[in-house]
Amino acid sequence: MDLEGVVGRFAGMVVASLIREDNFPLYDVMIHDYKEDLKNYPANTQTDVINDCILKLCRALVHSTGKENVKEGIQKLEDGYRGVLGVLSPLQKREMLYLLAVAYYRDGDYSRSLSYLNQCLEVAPHFNQALTLKKKFGSVLWFLIGGPHQYYLDMILDCERDIAEAGDDAPDEVKNENIIKLSWALVHTRQPEDVQRGIALLDASLETGGLRELTRSRPSQLQIRDMLYIRSLGHYINRDFMKSMNDVCQCLDAPGFWQGWYLRRTLLNRTETDGLLGALFFYAASAAVPAIMKARSLRKT
């Protein structure tokens with residue numbers, strides 16, 4: 001391929017990458033995956049597991065860019081508030097109230113948002129995600145409060161507290177779910193030390209024999225899939241594309257996992273872009289060398 005062809009193709013890749021790459025977290029894609037998970041749970045699945053998945057789906061819905069998704073999240077959460085989900089654990093109730101506050105805030109109903117936020121803080125007074133959201137109310141600089149990075153930092157603090165309060169006696173399923181939430185937040189900060197810490201947590205969890213022994217049950221299969229995906233995303237952010245591709249290919253054993261397919265496509269696009277960038281530099285250097293040699297020869301004469 002000549003230099004003009006390389007430049008043209010590289011420019012096209014850059015434009016494509018600006019449109020579709022690095023849009024993590026993929027809330028709209030997560031909505032699909034959690035809905036599929038709910039469809040595929042066996043009839044004897046524990047209620048707590050189902051409710052956790054519903055709440056993860058609702059978190060994706062209310063943080064989505066689509067207004068219809070936010071309204072769908074509100075409907076599901078209101079149903080849960082009215083008791084459709086049965087008896088919720090304290091952490092599930094805290095999550096439901098907080099997500100209702102977020103959903104109504106994003107929908108523009110600030111009075112309802114504040115009402116649910118106050119209820120959330122009555123249940124969990126030190127819940128950092130709710131405390132940050134409450135700072136927006138009554139502040140003339142509300143638009144400067146929060147933001148994606150603060151959201152992940154709050155989630156890290158909340159997850160760390162949940163892990164500490166659960167203790168070593170917590171069931172393996174609970175421990176694994178807490179690690180998934182914490183590592184997800186760590187990786188999405190994109191801060192090198194946080195990303196590495198998230199990867200290390202997942203390395204330790206995936207290497208324990210206890211997790212492998214649980215692979216026959218549906219929830220644990222999903223937990224392993226999620227761990228592999230988050231670790232793959234961490235390696236991708238660290239630009240360790242080989243390790244990222246290895247993990248994402250393993251988590252694609254789960255059928256219909258759109259987050260994994262999106263990350264795989266992003267990896268293929270990124271590695272091709274990097275290859276073309278290297279080729280562009282090579283061709284540019286190759287073209288520059290004769291000109292430099294000619295200039296030097298002219299100086300000698």
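For sorting residues by class, Ala, Val, Leu, Ile, Met, Phe, Trp, Tyr, Cys and Pro count as nonpolar, Asp, Glu, Lys and Arg as charged, and the others, Gly among them, as polar. The model is predicted, so that local features need pLDDT of at least 70 and side-chain atom pairs count only at pLDDT 80 or more, whereas totals for chains, interfaces and linings use all residues. Residues are numbered from 1 along each chain as its sequence is written, and side-chain values use heavy atoms, with hydrogens and water left out.

**Exercise 1.** Describe the second largest pocket by volume, lining and class.

Solution. A pocket is, on a 1 Å grid over the protein atoms alone, an open set of points where a 1.4 Å probe fits, with protein on both sides within 12 Å along at least five of seven lines, and its lining residues have an atom within 4 Å of a point. The second largest pocket holds about 700 Å³ of space, a volume being the space filled by probe spheres set on the points, which are joined across faces, edges and corners. Of its 29 lining residues, Tyr 27, His 63, Gly 147, Pro 148 and Tyr 151 are the closest to the centre. By class, this lining has 14 nonpolar, ten polar and five charged residues. Its largest share, five residues, comes from helix H8, where helices are DSSP runs (H or I, at least four residues) numbered from the N terminus.

**Exercise 2.** Determine how helix H3 and helix H5 are oriented towards each other.

Solution. H3 and H5 pack at an angle of about 20°, with their axes 10 Å apart; axes are lines fitted to C-alpha atoms, for helices over the stretch in contact (heavy atoms within 4.5 Å), and angles run from 0 to 180 degrees between N-to-C directions. H3 and H5 are therefore roughly parallel (an angle under 35 degrees). By class, their contact has eight nonpolar, three polar and five charged residues.

Terms used
Helix = DSSP H or I, 4+ residues; strand = E, 2+ residues; numbered from the N terminus. Parallel < 35°, antiparallel > 145°, perpendicular 65-115°, else oblique.
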